[in-house]
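Here is a short briefing on how the chains of this assembly meet. Please keep the structure in view while reading.

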6 protein chains.
Amino acid sequence: MEKWLKSLKTKTPQEGFELAITLSQQGIKYTQPSEAIRKKLRPKYAKDPDSLIAASHVIAVNYQTVAAANNYWRENLSYSLK
Amino acid sequence: MEKWLKSLKTKTPQEGFELAITLSQQGIKYTQPSEAIRKKLRPKYAKDPDSLIAASHVIAVNYQTVAAANNYWRENLSYSLK
Amino acid sequence: MEKWLKSLKTKTPQEGFELAITLSQQGIKYTQPSEAIRKKLRPKYAKDPDSLIAASHVIAVNYQTVAAANNYWRENLSYSLK
Amino acid sequence: MEKWLKSLKTKTPQEGFELAITLSQQGIKYTQPSEAIRKKLRPKYAKDPDSLIAASHVIAVNYQTVAAANNYWRENLSYSLK
Amino acid sequence: MEKWLKSLKTKTPQEGFELAITLSQQGIKYTQPSEAIRKKLRPKYAKDPDSLIAASHVIAVNYQTVAAANNYWRENLSYSLK
Amino acid sequence: MEKWLKSLKTKTPQEGFELAITLSQQGIKYTQPSEAIRKKLRPKYAKDPDSLIAASHVIAVNYQTVAAANNYWRENLSYSLK
């Protein structure tokens, strides 16, 4: 497998959200490695509201992980305790 | 991608809930970027109780993240330890 | 938007559960703001066991948030450390 | 509403699991308060494997809350720090 | 109810996973206590990929609980701080 | 049962993700032990977008566990406190 994930650390909450999207897509890629098949499926689920809500759900779960890994992008603790 | 998320910090629990809604919508926008298509889908899922429950579920997951990021809007820890 | 959520703090675990229900309902209200439509949908999902289980699932997720916010209604930490 | 939940505290992990079941049932009761209707629905979902898996899922989510509230029934912290 | 759960503590991460499976099965048993009916349902869901994914999902949620209870089978903290 | 899981510890976040996939697959294997049947089901769910999203969801839940177990692959705490 190629290297696609170096760290869960991101600079901003939005970049973290985009990393959560990458994680969600990778969960699909590992299960269906063929890009050709994935592309063929796309028009279907991208127009099905329940599929879109389900996709957003997976992103939300992965975002919990990324946000926790970044300590919710809070200011550095040692600094805030000064 | 435009900048749509600066911080997970909100002033109140209700603003946090509204941010959780934004996160849930963004999860859908990244998957289906066309506003025209999303608008067309809306009448369908907004009248389907299972879609509405599923949407509320995604919001609940994102609210967990936002609430944790805000330390559940508890009073400041350094203050409460005095 | 009207103000409907002041705090995640509740006096008892049961009030916390009822707040989790409110959060779950609000997730639906923000997605379908029309009370008339929501009322029309109610007879359908309230008699569908899978919808009821799904609704209970959303409440459970929101209850995790409310319970954590209230530190699970444990006795005050500073007291228990005495 | 009658009082049905006094505390998330339980003596054993199994009692905690049974409390998680109660929480899951209450999530359904608040959504469908009629006992007559709930009884009528029971034969359907109790023979549908997907409904049973979904019910077990809700119990699992509530068990996370109950288990955290009981600090996973670990030995008392103040004792283990001696 | 018979006693089926003494502790969330397990010796290894794999035993913890197997306990998570037990918890998931118990969630089903409490909802459908008849072993005869559960056995009849088994051939159906065990050949339905979506049921299998849903079952794996419940196990994953219960595994979060068991893993947290065992502090993820990390070495003992007091030892690692020496 | 053969031994398939020694530790939740992984060297990198990507290896952790791959362990989350293993956990998700094991959740299915324990429920449907026959490899012949699992292989027969594969073509179906691997071409169904909703099954793929559901599979990615399970991986996301297991990844939360693995990531927490690895303290999100943050630098060692005792080091960062120096």
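Between chain D and chain C, 12 residue pairs are in polar contact, both partners at pLDDT 80 or more. The model is predicted.

**Chain D with chain C**
- Chain D and chain C bury about 2500 Å². Carbon and sulfur atoms give 67% of that area.
- The contact involves 33 residues of chain D and 25 residues of chain C.
- On the side of chain D that touches chain C, helix H1 (13–31), helix H2 (35–45) and H3 each supply at least two residues.
- H3(D) gives the most to that side, with 11 residues.
- By class, the side of chain D that touches chain C has 17 nonpolar, 12 polar and 4 charged residues.

**Chain A with chain F**
- Here 33 residues of chain A contact 25 residues of chain F.
- The buried area between chain A and chain F is about 2500 Å², with 67% of it on carbon and sulfur atoms.
- Chain A and chain F have 0 salt bridges between them. Their interface holds 12 residue pairs in polar contact, both at pLDDT 80 or more.
- Helix H1 (13–31), helix H2 (35–45) and helix H3 (49–69) of chain A each bring at least two residues to the side that touches chain F.
- H3(A) supplies the largest share of that side, 11 residues.
- The side of chain A that touches chain F divides into 17 nonpolar, 12 polar and 4 charged residues.

**Helix H3 of chain D against helix H3 of chain E**
- Helix H3 (residues 49–69) of chain D packs on helix H3 (residues 49–69) of chain E at about 10 degrees, with the axes 9 Å apart.
- H3(D) therefore counts as roughly parallel to H3(E), because angles under 35 degrees fall in that class.
- Residues of H3(D) in this contact include D:Asp50, D:Ile53, D:His57, D:Val61 and D:Gln64. Among those they meet as a group in H3(E) are E:Ala54, E:His57, E:Val58, E:Val61 and E:Thr65.
- The residues of the contact of H3(D) with H3(E) comprise 9 nonpolar, 8 polar and 1 charged.

**Chain pairs without contact**
- Chain A and chain C do not touch, and their nearest C-alpha atoms are 12 Å apart.
- Chain C and chain E share no contact either. Their closest C-alpha atoms lie 12 Å apart.

Notes:
Residues numbered from 1 in each chain as written. Chains lettered and ligands numbered in written order. Predicted model: local features only at pLDDT ≥ 70, side-chain atom pairs only at ≥ 80, totals over all residues. Heavy atoms only, no water. Axes fitted to C-alpha atoms, helices over the stretch in contact; angles between N-to-C directions. Helix = DSSP H or I, 4+ residues; strand = E, 2+ residues; numbered from the N terminus. Parallel < 35°, antiparallel > 145°, perpendicular 65-115°, else oblique. Contact = heavy atoms within 4.5 Å. Nonpolar A, V, L, I, M, F, W, Y, C, P; charged D, E, K, R; others polar. Buried area = accessible area lost by both parts, 1.4 Å probe. Salt bridge = Lys/Arg side-chain N within 4 Å of Asp/Glu carboxyl O. Polar contact = N/O pair within 3.5 Å; in protein donor to acceptor, adjacent residues only side chain to side chain.
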